[in-house]
Amino acid sequence: MRMPWGKYRGEEFWNIPPGYLCWLLFESNASASIKNAARVELVDLFDLANRNCQRCEQLADTWPRLYRRLSSVCHPDCGGNVTAQKLVNELDDVMRGTLCN
């Protein structure tokens with residue numbers, strides 16, 4: 001699937017930076033099919049993280065900043081809600097467990 005709009009319009013999802021995929025999934029008003037494509041690509045990145053690929057190193061470098069940004073939007077004290085923050089925390093647990101192995 002190709003990204004139909006935005007900064008990466010026309011790009012295959014595997015060629016979109018992980019930070020942008022996280023933004024699509026958690027912060028954008030994208031359609032369900034776009035969010036699903038971003039989710040699938042992030043899951044693929046988790047699988048690749050165990051193989052020490054260059055793209056996963058990029059994700060490991062950017063994840064802490066992305067987590068803080070997502071928390072600043074999703075945390076109940078910042079106008080978000082408990083459910084959204086729980087999802088961000090679960091993703092953080094997965095990311096840290098995958099990227100630290």
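**View 1. Ser71 sits in helix H3 of this predicted model.** Helices are DSSP runs of H or I with at least four residues, and strands are E runs of at least two, numbered from the N terminus. Ser71 counts as buried because its relative accessibility is 13%. Buried means under 20% relative accessible area, exposed over 50%, and partly exposed in between (1.4 Å probe, protein chains only). Leaving aside neighbours within four places in sequence, Ser71 is in contact with Gln85 and Val88. Contact means heavy atoms within 4.5 Å.

**View 2. Met3 and its contacts.** Neighbours within four places in sequence are again left aside.

**View 3. The largest nonpolar core has 24 residues.** Such a core is a set of buried Ala, Val, Leu, Ile, Met, Phe, Trp, Tyr and Cys residues joined through side-chain atoms within 4.5 Å. Met3, Phe13, Ile16, Leu21, Leu24 and Trp63 have the most contacts inside this core. Helices H1, H2 (32-49), H3 and H4 (82-99) each give two or more residues to the core. H3 gives the most, with 6 residues. In soluble globular proteins, nonpolar side chains tend to be buried together.

**View 4. The largest cavity has a volume of about 40 Å³.** A cavity is a set of points on a 1 Å grid over the protein atoms alone, where a 1.4 Å probe fits but cannot get out; lining residues have an atom within 4 Å of a point. Grid points are joined across faces, edges and corners, and the volume is the space filled by probe spheres set on the points. The count is 1 cavity of 30 Å³ or more. Gly19, Cys22, Trp23, Glu27, Leu66, Arg69 and Leu70 form the lining. Helix H1 (18-26) and helix H3 (54-74) each supply two or more of the lining residues.

**View 5. The whole chain has 4 helices and 0 strands.** From the N terminus on, the elements run α-α-α-α. Buried residues make up 36% of the 101 residues. Among contacts between residues at least 6 apart in sequence, 44% join residues at least 24 apart.

**Notes.** Residues are numbered from 1 along each chain as its sequence is written, and side-chain values use heavy atoms, without hydrogens or water. In this predicted model, local features need pLDDT of at least 70 and side-chain atom pairs count only at pLDDT 80 or more, while totals for chains, interfaces and linings use all residues.

Methods. On a 1 Å grid over the protein atoms alone, a cavity is a set of points where a 1.4 Å probe fits but cannot get out, and a pocket is an open set with protein on both sides within 12 Å along at least five of seven lines; lining residues have an atom within 4 Å of a point.
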